[in-house]
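Here is a friendly walk through the structure, from its domains down to a single helix. Keep the viewer open as you read.

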Amino acid sequence: MKLTTHEQSMLDGKDGKARQKAMELLVRYADALGAERFVATDNVAGVPGSTNAFLQKYYQHKGGGGYDAIFSFFDLDSDELIEVPKAGAHTCHLQGGFDPDNWQILGATPESFKISQESEAFIAGRGVQILKTCTPYLAGNVPKKGDHCAWMESSAVVYCNSVLAARTNTEGRESTSAAMLTGVIPDWGFHRDEYRLGSHLVEVDFEIESVMDWGMLGYFVGDAVQERIPVLRGRFAGADLLIRHKHFGAAAASSGGVEMYHIAGVTPEAPSVEAAFGGRKPLEVIPYGRAERRRTYDNLNSKASDPQVDYVMLGCPHYSLEQIKGACAMLEGKRVSANCNLWIFTSRAVKAVSDTQGLSKQLRDAGAVLLTDTCSSISQAIPPGTKVAALDSAKQTHYLPAFMNIQAWFGSTQDCINAAVTGRWNGVAP
Amino acid sequence: MSADTLVLKGRKVVGGVAEGEALVTRQTISGWGGVNPMLGIVTETRHELRGVSFKDKILVFPGAKGSSAWSAMFHMARLAGAAPKALLFNEMTTKVALGAVVMRIPAITDFDRNPLEVIETGDWVKVDADRGLVEVRKAALRTGS
């Protein structure tokens with residue numbers, strides 16, 4: 001590996017023990033990848049220092065426990081205890097923990113809430129922005145074209161590369177925590193031009209309109225191309241709306257490992273199909289028509305049979321202000337059924353605006369709850385006694401039934417709101 | 001080396017040596033939502049290894065998929081004593097590279113032959129990642145059947 005003078009000096013310990021340990025980890029990681037150098041980054045999104053009961057207990061007797069110990073031994077995979085200094089690069093904390101205003105609703109114990117608050121205070125004290133969302137791009141962190149980033153959260157990574165044309169790999173807990181201290185990340189994968197070109201062509205033969213349509217298309221594409229880079233050609237209604245990309249990318253990153261996609265004439269690095277492939281031929285051409293859409297819908301709904309719905313969860317990825325407004329409009333003059341719960345998840349930033357706009361109150365008055373920081377899959381929190389959920393997110397449908405051993409219906413936001421109001425699933429197959 | 005031993009050559013991802021029984025899957029493995037790191041078993045609903053333990057196995061698989069918490073999940077598996085002994089895989093990603101690093105186990109990729117085609121579950125495998133070498137003793141031959 002070729003190191004710059006600054007990188008070598010960090011590795012030699014001239015910038016302190018913490019940066020040395022972070023560099024050691026990044027060098028091991030870069031060697032594993034086969035990267036030849038690092039690239040500077042000033043935009044890191046991770047989960048530094050975040051703690052669960054297992055880690056808390058595991059490190060209790062190592063280095064005296066506490067958050068410096070967890071950061072040293074787990075985040076930096078160091079064998080030595082170090083004191084965590086201020087972040088060296090702009091860093092935000094992604095989703096995790098508990099909504100500080102509604103932790104009891106989420107079923108957190110006072111102990112686990114205290115741990116979550118303490119780890120948050122620790123990391124905030126190191127200069128990390130507590131955005132607590134899987135959608136940092138809706139909460140003030142919007143990198144520009146060409147920016148090198150080090151982001152976790154697969155749905156945010158795919159948005160960052162595809163829609164914003166900034167550059168990030170799917171980083172992990174340890175690499176983002178190390179990048180937070182050093183401001184460097186291996187120059188590999190999506191940081192490099194040639195890696196960003198398309199591999200598979202998806203020919204979409206009908207117009208993709210609703211958010212639900214975009215979600216199903218994403219789920220199909222992820223399964224079809226796995227971790228490769230799809231280029232889509234077709235007609236897309238509302239293709240400029242970020243909500244549609246948010247649902248498409250999250251779905252493609254959960255059924256497969258899609259970290260970047262191109263839509264010809266829509267996404268910034270795909271002025272044309274040819275440009276998206278960089279003049280190369282697609283490895284495969286994959287058709288997507290109404291039959292494929294129906295198969296995807298049936299596949300997403302294969303884990304549900306009971307029409308009685310007791311939980312509706314919206315906000316995967318975290319809802320935008322527009323989506324919260326949309327849910328309010330659908331609930332106007334109606335109330336969530338006494339036999340059902342409606343939880344909507346968003347970021348603290350969007351919640352603050354929703355409060356100001358009176359949207360949070362509208363939801364409360366209709367019997368719904370607006371929650372922040374997490375989601376049901378992340379916190380593994382669902383209303384007590386839930387057997388059947390309804391979801392408008394293909395990603396959440398992919399994960400939640402497996403985590404919680406419940407049934408889950410997938411449909412449009414309107415189908416989900418109807419289910420919350422009536423307590424019954426009446427979703428219509430496309 | 002006896003006639004019943006196959007040798008594969010690849011590129012070192014993480015150095016070190018290990019030997020053990022192979023666990024082979026043709027499906028990519030998800031970390032968060034795909035495995036129970038405390039028990040070292042695959043939990044993904046439709047995975048062919050669902051319920052199967054990878055603890056102390058030489059895990060032979062196409063690569064990693066899914067959430068960015070892949071490394072953290074397998075890192076916890078190491079702490080819980082439930083990690084595999086080595087990783088042999090085809091598709092390099094940041095997830096599997098970082099996961100191998102923090103599990104601190106030998107890992108090899110970029111093989112001269114597809115390990116998914118020549119290694120079967122139950123084969124005895126010696127991994128020398130520093131030299132990029134994998135020695136496979138076939139289970140069928142080992143038991144003389």
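## Domains of chain A

The C-alpha centres of domain 2 of chain A and domain 3 of chain A lie 26 Å apart. The domain assignment of chain A gives domain 1 (5–193), domain 2 (197–299) and domain 3 (303–422), with bounds that come from an automatic or database domain assignment. This is a predicted model, in which local features need pLDDT of at least 70 and side-chain atom pairs count only at pLDDT 80 or more, while totals for chains, interfaces and linings use all residues. Residues are numbered from 1 along each chain as its sequence is written, and chains are lettered from A and ligands numbered from 1 in the order in which they are written.

Where domains 2 and 3 of chain A touch, 14 residues of domain 2 are in contact with 13 residues of domain 3 (in contact means that C-beta atoms, placed from the backbone, lie within 7 Å). On the domain 2 side, α8 (211–225) and α9 (242–255) of chain A each supply at least two residues, and the largest share, seven residues, comes from α9(A). Helices and strands here are DSSP runs, numbered from the N terminus (helices: H or I, at least four residues; strands: E, at least two). That side of domain 2 has seven nonpolar residues, six polar and one charged; Ala, Val, Leu, Ile, Met, Phe, Trp, Tyr, Cys and Pro count as nonpolar, Asp, Glu, Lys and Arg as charged, and the others, Gly among them, as polar.

## The partner chain

Chain A and chain B each bring 28 residues to their contact. On the chain A side, α2 (17–33), α3 (53–58), α6 (154–162), α7 (173–182) and α16 (394–404) each supply at least two residues. The largest share, four residues, comes from α2(A). By type, this side of chain A divides into eleven nonpolar, ten polar and seven charged residues.

## Overall build

Chain A has 17 helices and 14 strands. Its C-alpha trace spans about 65 × 60 × 35 Å along the principal axes. Buried residues make up 58% of the 430 residues in chain A (buried means 20 or more other C-beta atoms within 10 Å of the residue's own, with C-beta atoms placed from the backbone).

## A parallel sheet and its helices

Now look at an open sheet of five strands in chain A, paired in parallel in the order β12-β11-β10-β13-β14. Two strands pair if DSSP finds at least two bridges between them. The edge strands, β12 (368–372) and β14 (407–410) of chain A, each pair on one side only. Inside the sheet, β10 (residues 311–319) and β11 (residues 341–346) of chain A are joined over five bridges, and the partner of Tyr311(A) in β11(A) is Asn341(A).

Helix α17 (residues 413–422) of chain A packs on this sheet, touching β10, β11 and β13 (388–391) of chain A, and its direction makes about 145° with that of β10(A). Such angles run from 0 to 180 degrees between N-to-C directions, with axes fitted to C-alpha atoms, for helices over the stretch in contact.

Why is α17(A) largely enclosed by the rest of the structure? Seven of the ten residues of α17(A) are buried, so the helix is largely enclosed. Among them are Cys416(A), Ile417(A) and Ala420(A). The cover over the buried residues of α17(A) includes α8, β10, α12 (321–331), β11 and β13 of chain A. Just after α17(A), Gly423(A) takes a positive phi of about 75°.

Definitions and conventions. Contact = placed C-beta atoms within 7 Å. Buried ≥ 20, exposed ≤ 12 C-beta atoms within 10 Å, placed from the backbone.
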